[in-house]
Amino acid sequence: MNLEIKTVYIDPVTAVQVAGEVDLYSSPQLRKILVALTEKRTTPILVDLAEVRYLDSSGLATLIEGLKQCQRYKGRFMLSGISEEVKQVFELTRLVNVFEIHATVAAAVESVSK
Amino acid sequence: MAQVFELQISSDPRLLRVVRATAEQICEIAGFSRLEASKIVLAVDEACSNVIRHAYCGREDQTILITFRIKTHKLQVELTDFGEHVDISKIKPRPLHELRPGGLGVHLITSVMDKVRYSNLEQSGNRMVMEKALPKGSGVES
């Protein structure tokens, strides 16, 4: 398996913990989970990428879709744990300021609880 | 003289990780830093993904040839497919101010690599050649 995904609830955040490589083959797995969450109008959603070693444009497209779906119902969509390599992909596509990005899951949860 | 490495894979997205692992090793041999190598790996992966999606329309049993050449001053990566001719005039990065899924692969490739050329093969198929200057002090003596 390229990718392992676990969804956990860390009051009040629904955290999608992703581990592995997000590419053309594996990104539909992540998409399926995000679509299910946004169809239920879940908020806030946090996608934790701390264990993601690689993310390509199909992974970015999946995250953009999740963000846009969340924005439709005025939900909050956050990312955390982005490695230096994965951050490069966001920078190259100028998406680094489009997403709400936190260093860790704890920081993201704290930002919501404030 | 160039150092040459050729890889032939089926157009199965599961094999992209093999391409990435290979590209990473080649970049290391060519002398690129870890971060620079990860960008080149991304460009090669995006190029292969485009072949799978566009030239082969998602068919997983077709052939992709990838040739890496470490030359005196540059790394050259050549991708050859035998799918439908792609309309080269339509291969363009999309404007980044539009926040929508899709269309970012070409932008990533052109941002990372110094030169990118596309051509159609005679009967069917396409060739893409990407080049990246080697870090100073690296490369193969000619």
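This is a predicted model: local features need pLDDT of at least 70, side-chain atom pairs count only at pLDDT 80 or more; totals for chains, interfaces and linings use all residues.
Local features need pLDDT of at least 70, side-chain atom pairs count only at pLDDT 80 or more, and totals for chains, interfaces and linings use all residues. Residues are numbered from 1 along each chain as written, chains are lettered from A in the order written, and side-chain values use heavy atoms, without hydrogens or water.

Helix H1 of chain B (residues 16-30) has 15 residues. Helices are DSSP runs of H or I with at least four residues, and strands are runs of E with at least two, numbered from the N terminus. Buried residues of H1(B) include B:Leu16, B:Val19, B:Ala23 and B:Ile26. Buried means under 20% relative accessible area, exposed over 50%, and partly exposed in between (1.4 Å probe, protein chains only). B:Gly31 follows H1(B) and has a positive phi, near 95°.

B:Ser49 lies in helix H2 of chain B (residues 34-55). B:Ser49 is buried because its relative accessibility is 2%. Beyond its neighbours within four places in sequence, B:Ser49 contacts (heavy atoms within 4.5 Å) A:Leu24, A:Asp56 and B:Leu16.

Six of the eight residues of strand E5(B) (residues 126-133) are buried, so the strand is largely enclosed by the rest of the structure. E5(B) pairs (at least two DSSP bridges) with E3(B) in the antiparallel sense over eight bridges. E4(B) and E5(B) also pair in the antiparallel sense, over six bridges.

Conventions. The expected span of a helix is 1.5 Å times one less than its number of residues.
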